[in-house]
Amino acid sequence: MSVLEEIKKQVGENVDVVAISKTKSPERILEVYNEGHRAFGENKVQELAEKYEQLPKDIQWHFVGHLQRNKVKYLAPFVHLIHGVDSLRLAREINKQAEKAGRRISVLIQAHIAKEESKFGVPSQDLERFMKEIDLERFEFIEVRGLMGMATNTLEQQQVQREFKELRSVFDKLRDMNWNSDIRMQILSMGMTGDYEIAVNCRSNMVRIGTKIFGAREI
Ligand SMILES: *Cc1c(COP(=O)(O)O)cnc(C)c1O
């Protein structure tokens with residue numbers, strides 16, 4: 001059994017595995033593709049756009065990095081899911097570029113749950129307010145599909161578990177609210193190589209795994 005098959009078996013069929021292929025060559029990605037896997041993720045726009053050109057068109061490309069507004073246009077024609085929406089200005093730009101590309105783009109709202117300083121992500125206590133702002137905009141070309149979060153990079157499992165549980169409970173609350181626009185809270189993207197088991201225990205239903213599938217990154 002390949003590592004990827006083992007991971008899939010371990011997390012169960014209700015959890016989607018996104019293979020994070022950043023820094024890995026198209027050849028290496030094709031090997032995993034040829035096992036039948038279709039969901040891959042990248043965190044740099046240019047790298048993703050190049051790989052999109054080079055690789056089979058039925059790959060579902062996830063963008064998991066920090067997305068700058070001026071680069072949305074390069075992804076809009078093909079991206080499957082953008083994991084990191086954390087500002088209205090970014091959401092507006094995605095909506096605009098999606099309209100130009102003649103398609104709707106699915107996005108996740110990025111939550112900031114880690115103790116680490118980070119400029120990215122909406123703090124959990126502000127998620128509801130942020131979602132209401134998004135809802136008011138009535139975006140025609142964006143579908144909000146759920147939340148994404150990264151736990152603190154620590155070996156303290158209790159800490160990681162606390163953060164994932166916190167996000168899960170905000171997710172449950174937001175999912176059960178009534179939204180006016182196209183907001184369907186179905187996806188909770190949390191868990192990477194070092195913490196996906198904890199994440200799945202906290203009922204994550206999408207894990208983003210790089211190192212365990214592809215080996216360590218050189219850069
Ligand atoms: C790189 C990355 C991952 C995968 O990390 P691994 O530890 O290699 O599994 C997951 N999510 C995001 C946002 C990343 O940038």
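Biologist: How far is an oxygen atom of the ligand from an N or O atom in the side chain of Thr193?

Modeller: The distance to the Thr193 side chain is 2.5 Å, which qualifies as a polar contact (a pair of N or O atoms within 3.5 Å). This is a predicted model, in which local features need pLDDT of at least 70 and side-chain atom pairs count only at pLDDT 80 or more, while totals for chains, interfaces and linings use all residues. Residues are numbered from 1 along each chain as its sequence is written, and side-chain values use heavy atoms, with hydrogens and water left out.

Biologist: Which side chain has a polar atom 2.9 Å from a nitrogen atom of the ligand?

Modeller: That is Arg208, and an N or O atom in the side chain of Arg217 is 2.9 Å from an oxygen atom of the ligand. The protein buries 90% of the 390 Å² that the ligand exposes when taken alone, as accessible area by the Shrake-Rupley method with a 1.4 Å probe.

Biologist: Which residues surround the ligand?

Modeller: With a heavy atom within 4 Å as the criterion, they include Ile20, Lys22, Val64, Met148, Met150 and Met192.

Biologist: At what angle do α5 and α6 pack?

Modeller: For helices, DSSP runs of H or I with at least four residues, axes are fitted to C-alpha atoms over the stretch in contact, and angles run from 0 to 180 degrees between N-to-C directions. Helix α5 (residues 88-101) and helix α6 (residues 127-137) pack at about 35 degrees, with axes 11 Å apart. Leu88, Ala91 and Arg92 of α5 make the contact (heavy atoms within 4.5 Å) with Phe130, Glu133, Ile134 and Glu137 of α6.

Biologist: Which residues of α6 meet α7?

Modeller: Leu127, Glu128 and Met131 in α6 meet Leu167, Val170, Lys173 and Leu174 in α7, and the axes of α6 and helix α7 (residues 157-175) come within 11 Å, crossing at roughly 35 degrees.

Terms used
Helices (H or I, at least four residues) and strands (E, at least two) are DSSP runs, numbered from the N terminus. A polar contact is a pair of N or O atoms within 3.5 Å; within protein, one must be able to donate a hydrogen and the other to accept it, and residues adjacent in sequence count only if both atoms are side-chain atoms.
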